[in-house]
Amino acid sequence: KFIKSMETTHVETPYSLLGVDKDASDKEIKTSYRNLAKKYHPDINPGDTAKEKHFKKLSAAYEIVSDPKKRADYDNGKIDAKGNPVQQHYGHYNPSHGRPQTDPFSQHDMDDILSSMFGKNTRSNRRHGFEQDSYDVQYTIEIDFLEAVHGAKKTIQIPNNKKLDIAIPKGIKEGQKLRLKGHGHAHPRRQTAGDAYITVHIRPHPFFERKENDIYLELPISIDESILGKKVTIPTVHGPVDMQLPKGVNSGTSMKLKGKGILTGDQYVKLKIVMPKEIDSELAEFIQKWSSTNSYNPRKQWGKMG
């Protein structure tokens, strides 16, 4: 009867603070609290003491109704909005008193809220009240393919005409993030700062392709290199190396250069026979004579289809 009386006379209750009915589901309660936290959290409203006070009331309410046991005790009149036992003084109930001992809204949830509002990662370490100690910032940088392979030293310009020196580690991957501790935004009421996260984008290479730590290369070879099995020079991310081709090697043949990839990776070379742009009469005459005395047919296994 007491609870019902409070609700009918519009006395502030944990449910009314959160804008939900008494029989609201856990999901509805959490959703409502998240939406209200976006509006009233002190880190989103620095210096607004009224909203900060209301946020603490919301958090106290959420601490009660988000806990099944506390919610049941509150509904049965056993505890007040502070979570303290009620000892026959129901008429003196004052839900505005007290404050939660801990922040019932998880760090993961608050990070989601702040990220959705500001489009960036945030990091908090709340202690007394609901302070957020630091703010992280996001930057992007583009580097060359070989800089990603071997590592590099880069500098980026940030607001206030400041510069950040960045050490690109060997073998960094596309989209990987680097963390620079303490180079984020300073909290308006604290001396500490968040971290800077730099997302690395890698410019494609004209002929190298990366798959994990392996390098793939399509190598054009001439018809005579294919037939005679000559030694050819192959570019790698570590510099050129010589490789002996077997006689009569076909297009599409893949050859492995062990340890010539990224870090402990390898390089795979796919051969591609490329004909000369112009076929001179001497070559044409030789091929014509050769083919007239040889029954070579690469499609012979197809039978009549070849």
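1. What order do the strands of the open sheet of three strands have, and with what pairing? The order is 3-8-6, with mixed pairing, where strands are DSSP runs (E, at least two residues) numbered from the N terminus and two of them pair if DSSP finds at least two bridges between them. Strand 3 (137–143) and strand 6 (177–180) stand at the edges with a single partner strand each, so one side of each is left without a neighbour in the sheet. From one strand to the next the twist averages 25 degrees.

2. This is a predicted model, in which local features need pLDDT of at least 70 and side-chain atom pairs count only at pLDDT 80 or more, while totals for chains, interfaces and linings use all residues. Residues are numbered from 1 along each chain as its sequence is written, and side-chain values use heavy atoms, with hydrogens and water left out.

3. Strand 6 and strand 8 (residues 196–202) run antiparallel and are joined by four bridges; within this pairing, lysine 177 stands opposite threonine 199 of strand 8.

4. A further open sheet, of four strands, has the order 9-10-14-13, again with mixed pairing. Its edges are strand 9 (208–211) and strand 13 (254–257), each with a single partner strand, so one side of each lacks a neighbour in the sheet. Strand 9 is joined to strand 10 (residues 214–221) by four bridges, and the two run antiparallel, with leucine 217 in strand 10 as the bridge partner of phenylalanine 208.

How values were computed. Axes fitted to C-alpha atoms, helices over the stretch in contact; angles between N-to-C directions.
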